[in-house]
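Work through the exercises below with the sequence and the 3D structure at hand. Each task is followed by a solution in steps.

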Amino acid sequence: MFFFNGSRCVVVAALAGLSMAGAANAKLSDEEIAQLGMTGTPLTPVGATRAGNAAGTIPEWTGGIQAPPANFKPGAGWADPFADDKPLFTITAQNYQQYEKNLLPGQIAMFKQYPDSFRMHVYPTRRSTSYPDWFVESTKVQAKHIDICPQYAQKNEMCLIDAQPGGGVPFPIPKSPEEAGWNTLLGHYNGTTMDAMGNGALIDSLGNRTDVIIRSREFWPYQLPADKRPSNEWFTQWGGAFLCDSWQIEQPPRSSGLVFGGCMYAQNVDFQVYLYIPGQRRVRKAPEIGFHDSPSFGSDGQRTVSSRWMWWFGGKEPRHSYKLEKGKELFVSANSYKIADPNLNYDDIYGKKHINQDLLRYELHRMWVIDGELKPGYRHLYKRHVAYFDEDTWMGVAFEAYDAKDRLWRMGEQHVLNLYDKPLLRIMGDSQIDLINGRYTTYPYWHDTAGRLTGFGPPKFETTEDMTVDISVYTPQGLRKFGTR
């Protein structure tokens with residue numbers, strides 16, 4: 001059931017109850033799929049509202065960026081296609097109250113905590129997201145078949161059934177918070193592999209920074225057609241691997257050589273991961289990596305697994321109950337192409353208390369909002385976890401986490417770009433800020449700067465046609481050869 005509230009459409013908690021009971025039919029009918037399309041339909045191919053808003057501050061989606069800007073040079077970062085845009089206004093600690101209805105609680109907290117340095121430059125909204133044609137067609141096929149498994153309603157075990165090879169948005173017209181949750185993992189085209197250097201910098205409460213240089217290797221089997229998927233049992237078990245991930249620490253020296261690799265699966269979303277420890281010269285299973293509120297790898301305990309990409313179920317047994325809200329209009333980071341300038345240095349990016357706000361571009365966008373509240377009888381560091389996903393990308397752009405005393409504890413922002421030469425959607429930077437202890441962290445993004453400073457070179461984002469990554473790094477048998485100092 002939907003209730004309309006001004007420009008917003010709220011999916012009420014009763015709908016969440018339907019999903020838990022398995023009563024809602026997740027698979028889309030032909031009539032529903034007919035609402036999706038590149039032109040002439042009420043919804044875009046990924047389920048966003050095509051029309052602009054009534055105020056004219058959010059325009060109609062017309063297909064996004066269709067070609068790189070004239071000054072784009074492969075291997076030299078991604079030139080800003082909107083470089084001539086000027087800020088409409090800048091929100092500061094002195095004027096944020098007049099924009100409060102479109103600000104996130106985490107942003108308001110930042111204005112109060114860092115009044116001298118936190119600011120938001122707001123630009124015209126550019127609905128720049130574009131998708132390859134095959135992804136649009138795959139979405140229509142996927143949405144007719146895929147479903148959340150009955151084990152979720154029966155035993156609170158999250159998984160998917162009837163997933164089709166070839167990727168696409170699994171639930172472009174989500175009928176529950178859980179379906180929207182799956183879209184945030186699978187409903188955007190990241191390409192099929194990434195091999196990149198990044199800096200997951202750790203900044204303490206005094207502004208001192210530790211650079212944590214990590215080589216990241218991602219592999220998305222979900223996006224592959226059947227004849228391109230690996231046949232090794234490691235990748236075909238539990239309904240097939242959806243995402244495989246590996247991080248290899250390059251510095252600081254005390255951690256250099258640590259490397260993990262593993263996968264999550266359609267019918268087992270607990271990350272199956274192994275860790276190579278160079279001091280012991282052995283590979284061991286590492287269930288603590290990729291599990292609910294356990295500390296994220298290399299984050300010095302400042303992040304949880306469930307806040308990767310701003311939000312995730314955390315494991316096969318979700319510990320929160322969810323509500324979903326559609327269409328909330330908020331100022332979020334978008335088209336922040338300045339952060340992909342390879343000529344930036346780390347000091348240009350990382351401030352004492354937060355990311356250099358002058359590198360970021362904020363726009364008014366409509367959001368999907370997933371609001372998770374800890375279930376009775378479960379434990380989690382975050383009593384409440386609220387995350388925001390752009391309607392055009394299904395990618396997380398912000399979150400807030402609350403502690404057991406209902407205090408706003410951590411907030412995060414994530415910066416997504418359309419890498420228009422493919423096209424791909426990729427996270428190119430983020431930050432998560434502890435509002436209580438004053439520390440903040442970033443994930444190992446900032447690929448262009450880290451690639452230049454380490455000599456690794458630009459990030460390599462590959463598609464179905466040009467895959468070259470050695471996928472043995474995701475297997476316990478193959479991991480050892482990557483773990484060298």
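Two strands count as paired if DSSP finds at least two bridges between them. The model is a predicted one, and residues are numbered from 1 along each chain.

**Exercise 1. Pairing around E17**

Task: Find the strands that pair with strand E17, and state how E17 is joined to strand E18.

Solution. 
Step 1. Six bridges join E17 to E18, residues 396-402, and the two strands run antiparallel. That number meets the requirement of at least two bridges.
Step 2. Look at the connection: E17 and E18 form a hairpin with five residues between them. In the turn, Trp394 has a positive phi of about 60 degrees.
Step 3. Turn to strand E16, residues 362-374, which pairs with E17 in the antiparallel sense over seven bridges. Here Trp368 has Phe389 in E17 as its bridge partner.
Step 4. Check the cover of E17, residues 384-390: six of its seven residues are buried, so the strand is mostly covered.

**Exercise 2. From E16 to E15**

Task: How many bridges link strand E15 with E16, and how many residues of E15 are buried?

Solution. 
Step 1. E15 and E16 pair in the antiparallel sense, and the pairing has 13 bridges.
Step 2. Of the 14 residues of E15 (320-333), 10 are buried, and the strand is mostly covered.

**Exercise 3. A sheet and the helix on it**

Task: Write down the strand order of the open sheet of seven strands, then describe how helix H9 lies on the sheet.

Solution. 
Step 1. The order is E14-E13-E12-E11-E10-E7-E22, and the pairing is antiparallel.
Step 2. The edge strands are E14, residues 282-285, and E22, each of which pairs on one side only.
Step 3. From one strand to the next, the twist averages 15 degrees.
Step 4. H9 packs on this sheet and touches E7, E10 (213-219) and E22. The direction of H9 makes about 75 degrees with that of E7.
Step 5. At the E14 end of the order, four bridges join E14 to strand E13, residues 268-277, and these two run antiparallel. Within this pair, Leu275 has Arg284 in E14 as its bridge partner.
Step 6. Return to H9, residues 447-454: its buried residues are His447, Asp448, Thr449, Ala450 and Gly451. The cover over these residues includes strands E7 (193-199), E20 (424-434) and E22 (460-462), together with helix H8 (346-349).
Step 7. Just after H9 comes Gly455, with a positive phi of about 85 degrees.

**Exercise 4. Enclosed and open spaces**

Task: How many cavities of 30 Å³ or more are counted, and what lines the largest cavity?

Solution. 
Step 1. The count comes to nine cavities of 30 Å³ or more.
Step 2. The largest cavity has a volume of about 250 Å³. Its lining has 19 residues, and Phe271, Gly290, Val305, Arg308 and Trp309 lie nearest its centre.
Step 3. Strands E11 (241-251), E12 (259-265) and E13 each give two or more residues to this lining. E11 gives the most, with three residues.
Step 4. Sorted by class, the lining of the largest cavity has 13 nonpolar, four polar and two charged residues.
Step 5. The second largest cavity holds about 150 Å³ of space. It is lined by 16 residues, and Ser128, Thr129, Ala334, Thr393 and Val416 lie nearest its centre. Strand E19, residues 408-419, gives the most to this lining, with three residues.
Step 6. The classes in the lining of the second largest cavity are five nonpolar, seven polar and four charged.
Step 7. Among the open spaces, the second largest pocket has a volume of about 240 Å³. Of its 15 lining residues, Ile249, Ser255, Gly298, Ser299 and Asp300 lie nearest its centre.

**Exercise 5. The setting of Ser29**

Task: Is Ser29 buried, partly exposed or exposed?

Solution. 
Step 1. Ser29 lies in the loop between helix H1 (13-21) and helix H2 (30-33).
Step 2. Its relative accessible area is 28%. Buried means under 20% and exposed means over 50%, so Ser29 is partly exposed.

Notes
This is a predicted model: local features need pLDDT of at least 70, side-chain atom pairs count only at pLDDT 80 or more; totals for chains, interfaces and linings use all residues. Side-chain values use heavy atoms; hydrogens and water are left out. Buried means under 20% relative accessible area, exposed over 50%, partly exposed in between (1.4 Å probe, protein chains only). Contact means heavy atoms within 4.5 Å. Axes are lines fitted to C-alpha atoms, for helices over the stretch in contact, and angles run from 0 to 180 degrees between N-to-C directions. On a 1 Å grid over the protein atoms alone, a cavity is a set of points where a 1.4 Å probe fits but cannot get out, and a pocket is an open set with protein on both sides within 12 Å along at least five of seven lines; lining residues have an atom within 4 Å of a point. Grid points are joined across faces, edges and corners, and a volume is the space filled by probe spheres set on the points. Ala, Val, Leu, Ile, Met, Phe, Trp, Tyr, Cys and Pro count as nonpolar, Asp, Glu, Lys and Arg as charged, and the others, Gly among them, as polar.
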